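Trainee: I am new to this structure and would like to go through how its chains meet. Could we look at it together, one question at a time?

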Amino acid sequence: MKGSPASPNIAIGKAFLFEKHIDFKCFMLKEAEIDNHLRRFEDALSKSIKEISNLIDDTTKKKGKEKADIFEAQLLMLQDNSFTSEIKKEIQSKVNAEKAVDNTVNRFMQTFEKMERQYMKERALDVKDIGERVLKNLIGIQNDILKKLDKNTIIIAEDLVPSDTACMDLSKVAGFATDKGGSTSHVAIIARSYAIPAVVGLDKVSKVVKSGDLVIIDGNSGMVFVNPDNNLLQKYLKISSKIECRQKELESIKKEPSRTIDGKNVSLMANIGGLQEIEKAILSGAEGLGLIRTEFLYLNQHTPPSEETQFLTYKAIAEKIKDHPGVIRTLDIGGDKKPTYFEKILESNPFLGWRGIRVSLDSVDTFKIQIRAILRASQYGNLKIMLPMISNIEEVRKTNKIIVQVKNELSKNKITFNKNIEIGIMIEVPSIALIADTVAEEVDFFSLGTNDLIQYTLAVDRTNEKVSKLYNNLHPGVLRLIKKVVDTAQNKQKWIEVCGEMASDTMAIPILLGLGLEKFSLVSPLIPETKSLIRSLNFLDTKKLAEKALDLSTSKDVFYLVKNFLSERRNKSL
Amino acid sequence: MTNEIKNTEIYYCETRVQVLNKVGLHARPAAMFVKNAMNCQSSICVEKNGKEIDAKSIFGVLSLGIDQFDFINIKAQGKDAKEAIRTLTQLVNNKFGEE
């Protein structure tokens, strides 16, 4: 089964199916039953209040006040008259206590779900949580099982809320797999903060897995295997013990500089797609953020994000990374996942369609709001603007004009911003790579988006199984194109980074380094490993390697060239 | 900015404050706000953009969706109205102990 990886590494263990289905009947009360149901509700309520108070004390003692704060809000919700009186009112109108609680909880959840801010939306889960607690006490279900988990248990659930994980003995939990949730859901956050591997969004793992099944969770790829055969199990046991060893090694490298043996400094930055990833990036030793995707602000909502929301997000990023660079890529949505507030058009070939800068330049008002927000935040750190999907110089000019307009408006209103903010473009369309010299006059930097550059250069759709094997980082045509752009950048004295997956490909890194690239931006979990590789290389050797690679005629030849190069180097170091 | 109307035993106080902590009155600050309000005898309400709610109700406070930089009016009526306003204003101005 495949889901979204929410917390890295591999867990192998026995499943525990956490079922939360609460069954109750709905019926109309007789006049004489009303008092009884009111009393039952009051009892369940005071029992729930007591439980949460205990939970607050307990959590404060064990995990600190910070973690207990989640339950403070829940306690106040249970004590809130506007909530409890609605339940009582329903009971008085002859709805049975269970149904009255359920109805009211759903109504209150809906109000929160409709709110704009993500952290307000998340309060809906608190309401759900207290609702379930009251219902449990009303019906009489106890959740003591979670306190007595076996060692190395993998928790399988539809979804988990704070009160579920709070009463779990997390030291016994080896992994999580849930039907619902994304990378910011409660279980994902808990899993990452306790370094427990997790996969979420699996759709129906809780329907398929039974307690006691042997489960493998691959928190790196998002794969989950139920009752694997011996081969697969052995494979994962090996990987998992390897990871453990390697992690210990890499931990020690995090504070070392990313420098080749012969002293060439390389800057390793992180790609992020959300605020919560920054902490991880800093911890992994990233020296800045070479690609800040902004789509997370736009997707899954009914209106574009306000200037204020964006400003605060960008400001928070700028402040967190201090003097390190933060390259903000303006909205880059493709035809396949456009939010509802953009015109919906049917595209037979979305990758060659209405995406990236093309959408922004057709929606100038929305685009200006983003530019304004970035400019306003630019005074709080070292932010830069990067434009996606540029295929001709007119798009750069149009965008520069818009940026100047916004700057003038800000100056007029006496709003401060970094007047010299750098503006760069993604090099991901071959046409712009070929005229990099002329476009260089109008921008401050280049960023090689290798995923798209390769797909467009090789005319290969990686998601199409029939042709995906033709996609190759080491195609000599791709390498020559990259060389041309890097040389141009150096001639024109513009800085250049590589932010696609190639920047974390062990086979490609030596060549990229040899071509003259000094700035790599990649997903943060791979930074320590990449640094370790760079620290084992000689820049002068990689230069020769790159020269040789450019003369070869097939990807396969390049692959074996690099393979030999790396194994020779390994033998030398032994 | 504090207005005060003396009325034999009952006081009425009102003030306008700007919320400065990073994410506004989200769960933790909202809970602190409500807890402090509950400790006062006076009846207290909070108003944002013309919508007024009971300061002692967590659902009420959350429903205002108070973000960073929003202005809110706090109104208190009762014996300890003055103290109530002072406590709550301080809490907001101190960014609920954040940072």
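Trainee: Which residue of chain A forms a salt bridge with B:Lys35?

Mentor: A salt bridge here is a side-chain nitrogen of Lys or Arg within 4 Å of a carboxyl oxygen of Asp or Glu. In this predicted model, where local features need pLDDT of at least 70, side-chain atom pairs count only at pLDDT 80 or more, and totals for chains, interfaces and linings use all residues, side-chain values use heavy atoms, without hydrogens and water. Residues are numbered from 1 along each chain as its sequence is written, while chains are lettered from A and ligands numbered from 1 in the order in which they are written. The closest N and O atoms of the pair are 3.0 Å apart, and the partner of B:Lys35 is A:Glu72.

Trainee: Which helix gives the most to the side of chain A that touches chain B?

Mentor: Helices are DSSP runs of H or I with at least four residues, numbered from the N terminus. Several of them, including α3 (81-92) and α13 (307-321), each supply at least two residues of that side of chain A. With five residues, the one that gives the most is α2(A).

Trainee: How much area is buried between chain A and chain B?

Mentor: Buried area is the accessible area (1.4 Å probe) that two parts lose on being put together, summed over both. Carbon and sulfur atoms give 70% of it, and the total is about 1,800 Å².
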